[in-house]
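Try each task before reading its solution.

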Amino acid sequence: MNDGIQPHDQKFMKRCIELSQLSVDNGDAPFGSLVAKGDTLVAEGLNDAQNKVSEHAEVIALHNAHQVVGSSDLSGHTLYTSCEPCPMCSFMIREYKISRVVYALHSPFMGGHSKWSILQDTEISQFNPFFSTPPQVVNGFMEAEAKKVMDGTIFWMFGKDAKTKGK
């Protein structure tokens, strides 16, 4: 896990984990996400990929935050998510100019931070105004708590020990 923990991070990650359980209860994958500015919740998102493949929790939270803020520039905002964003979500995080990303579970097979390096890629930053500078990333935050929801599903491939599971 990275340093840079803020006092409200636990409250928001706990909510992401609750959202991931709601997603499971709705028959979808166990992912939940939200966007906050400081200690203020801006928008939330449940996974809805069963109905539309692009409706990942992060995408929904970003779109909802856009509607609340009235802008695609979410500089100064933090995206919290129960699992490491995939490449699609990571590009959207960069395009929405999110300043900070906090996630619980690692995604060693699909992660836009650990596998594909999209969140920390400095080269795409040259395509301003489309992509932001890399956000600060806090990873593995409350991983054990998020894993409890994941363990009740078929998604063995998430978490720091994922490469040893399911083989």
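**Exercise 1.** This is a predicted model. How are α2 and α3 oriented to each other: roughly parallel or roughly antiparallel?

*Solution.* Start with the two elements: helix α2 covers residues 57–69, and helix α3 covers residues 87–95. Next, take the geometry of their packing, an angle of about 20° with the axes 9 Å apart. Angles under 35 degrees count as roughly parallel. Therefore α2 and α3 are roughly parallel to each other. As for handedness, the crossing of α2 and α3 is left-handed.

**Exercise 2.** List the residues that make the contact between α2 and α3, then sort them by class.

*Solution.* On the α2 side, the contact is made by Glu-58, Val-59, Leu-62 and His-63. From α3 come Met-88, Cys-89, Met-92 and Ile-93. Sorting this contact by class gives six nonpolar residues, one polar and one charged.

**Exercise 3.** Work out the strand order of the open sheet and find which strands are at its edges.

*Solution.* Reading across the sheet, the five strands come in the order β2-β1-β3-β4-β5, with mixed pairing. The edges are β2 (40–46) and β5 (136–139), each of which pairs on one side only. With direction ignored, neighbouring strands in this sheet are turned by 15° against each other on average.

**Exercise 4.** Which residue of β5 is the bridge partner of Val-102?

*Solution.* First look at strand β4, residues 100–105, which runs parallel to β5 and is joined to β5 by four bridges. Then follow Val-102 across to β5: its bridge partner there is Val-138.

Notes: Residues are numbered from 1 along each chain as its sequence is written. This is a predicted model: local features need pLDDT of at least 70, side-chain atom pairs count only at pLDDT 80 or more; totals for chains, interfaces and linings use all residues. Side-chain values use heavy atoms; hydrogens and water are left out. Axes are lines fitted to C-alpha atoms, for helices over the stretch in contact, and angles run from 0 to 180 degrees between N-to-C directions. Angles under 35 degrees count as roughly parallel, over 145 as roughly antiparallel, 65 to 115 as roughly perpendicular and the rest as oblique. A crossing is left-handed if the near helix is turned anticlockwise from the far one by less than a right angle, and right-handed if clockwise. Contact means heavy atoms within 4.5 Å. Ala, Val, Leu, Ile, Met, Phe, Trp, Tyr, Cys and Pro count as nonpolar, Asp, Glu, Lys and Arg as charged, and the others, Gly among them, as polar. Two strands pair if DSSP finds at least two bridges between them.
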